[in-house]
Amino acid sequence: MSSKRPVSLVTAGQATGLDLPGSDTPRSDTPRSDNPCSDKPCSDKPCSDKPWAPTVVGEIAVVVSNASVNAEYHHLIVQCGTASAAAAPGQFFQLLCPHTEGAHPFLRRPMSVYGANPERRQVEFLYKVTGAGTLGLATLGPGDSIDIMGPLGVGFTFDPELRHIVAIGRGAGLATLAPLAKAARANGTAVTAILSARRPELLVSVELFGSQGAEVIAATDSEGTSGPANIERVLRGLIDEGRCKAFYTCGSSRLLRVQQRLAREFGIPGQVAMEQQMACGIGLCYCCVKDFNVAGEIVQRRVCWEGPVFDMMEALP
Amino acid sequence: MIDLSVRIGGLTLANPVMPASGTFAEGLDKVMDFNRLGAFVTKTITRELRAGNPLPRVVERPGGLINSIGIPSKGVPYFLDHTLPYYQNYRPPLVVSISAPTAEEFAALAAELTRPGIAAIEANISCPNIEEDGKAFAMSAASTEAVVRQLRAATSLPLWVKLTPNTGDLPEVARAAERSGADALVVANTILAMAIDLQTFKPCLGNIMGGLSGPAIKPIVLRQVYQCARTVKIPVIGCGGISTTEDAIEYMLAGAAAVQVGTATFIQPAAMIHIIDGMTKFCERREISRVADLIGAVLTEESDEIELAWVAPPR
């Protein structure tokens, strides 16, 4: 039923550009000052013939598994090259989703990293079928190939001194926060995860955070625990106990507002992963811009390129 | 060794493949070796600071993309301080795309950018997203002539003029640009288009209308390149739905001296590199020593001339 899309020419394992998570190549180099022919317009311009290697690759990954985890979410694991498997928490991939009978997604679909395993050379995604792209993803089975492009964007960062953080997410944001669990543990940082959903059976990432030693607090609409007032009460308790030295959040404007208020009150830093419709995913097209408040001035930033993780205090919920 | 070089006015490009304006930025250096490109073409810059259009700015349709980005621009000082120095580290010539609301301001911007490090000006007189109903200078021969004349007088740099596919009289507009002093034509910008959301009954784009690009428009713009190339003597640069080597070759046969690749980069970020590699392979397979020999080589009438036999070798 699914027809395959045109694919890129790199296959899993061929990609050579290993880059450390979050270590961006410089975005603007200083100009050469010794340009000997700057009065000439073109081809004899001096240039750096530095060896070049990709740090973002479009590659054909192979599906390891693609199973549903609850009534809404599917968990996709793919085998990929070293560059992709080095993805950092908060980064994302652009997936070229298979065509199905009724849906022919033209653009790639951005999908945040749910897990990355450099040793096994795997990257994981958690998705809910909501449209043409994810409909196609759901048709994939073990052994199928999928064209993935990444890792993209700026992910979450950890201060090595950070001892206690709170990760707060809701809906699809829970998938984005999930890789924080492992990264925080590696940093020696304790995590309290406040995970919000409509109903308890729709919560994801609970076991994942638990397995990494995090305390998980579930908040659901059906139990009446997900409202901003209750979350604020929980957060104030954590702040009192010295267990909230930074906020990491994704997926809820309401909860973002609560955290921003508390962050201002107590001087706590925070990082937020933003979501936005994207086309290119790598800073070219400016379709994913959002407004940010930077020292009182409203500036537009590209979620795919300057983000998707931003300073929580600059985000406009 | 296949010679991939082409001449565009006074400029020699190492190969005929370059990005379409608005689909290229520094971030792509994570994906491809910039030194392999025929040229750089920047996102359109304006003198004024522009925020761009309301969101949503893109919507996909079968085989294509409608955008109404609306030329967000950080202005000239930012360009001179950041963008221009950045590209000096690379070998391909830098073509700067510009736009302005009036012919006078177009000329002033071209003059301001006539400086070392910039190899050519691409005048975007055809953006469908910044004027009401997609109006642009390139919609008519008269307004094209007016703006190109002023641009020509303002800069000594090679002047490329990007035309719109939305006019009913493209060959006349092309001739107007040529006689006003353009060194090359870029054919073409996006096709004015629209999409409506059946859930909300609202337009899919914040700006209501936008420009269609991608494979869906290729046969239309290919025809327009053919029409322009046979009516002007200056080089025509083909731009419209090119995703593969085959698309690029088809454009060159229709008369394009070079090609611009845009939307394809959103799907396959290294598309331009694949196209360049594919051109060499194509020429090798067909025993064509110079890619420039493909320019305008479409056969529109029966011929038994022996020197044309190479276009259809026995397999």
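This is a predicted model: local features need pLDDT of at least 70, side-chain atom pairs count only at pLDDT 80 or more; totals for chains, interfaces and linings use all residues.

A: Happy to! The side chain of A:Arg198 meets that of A:Glu72 in a salt bridge, at 2.3 Å from N to O. A:Arg198 belongs to the loop between β9 (190-197) and α5 (206-211) of chain A, while A:Glu72 belongs to the loop between β1 (57-68) and β2 (73-79), so the pair ties together parts that are 126 residues apart in sequence. A:Glu72 counts as buried, because its relative accessibility is 19% and the cut-off for buried is under 20%.

Next comes the pair A:Asp147 and A:Arg108, whose side chains form a salt bridge at 2.9 Å, N to O. Distant parts of the chain are linked here too: A:Asp147 lies in strand β7 (residues 145-152) and A:Arg108 in the loop between β3 (92-96) and β4 (109-112), 39 residues apart. Both partners are buried, A:Asp147 with a relative accessible area of 3% and A:Arg108 with 1%.

A further pair is A:Arg302 with A:Glu306, where the closest N and O atoms are 3.0 Å apart. A:Arg302 is buried at 8% relative accessibility, whereas A:Glu306 is partly exposed at 26%.

To set these pairs in context, the structure holds 24 salt bridges over all chains.

Methods: Residues are numbered from 1 along each chain as its sequence is written. Chains are lettered from A and ligands numbered from 1 in the order in which they are written. Side-chain values use heavy atoms; hydrogens and water are left out. A salt bridge is a side-chain nitrogen of Lys or Arg within 4 Å of a carboxyl oxygen of Asp or Glu. Helices (H or I, at least four residues) and strands (E, at least two) are DSSP runs, numbered from the N terminus. Buried means under 20% relative accessible area, exposed over 50%, partly exposed in between (1.4 Å probe, protein chains only).
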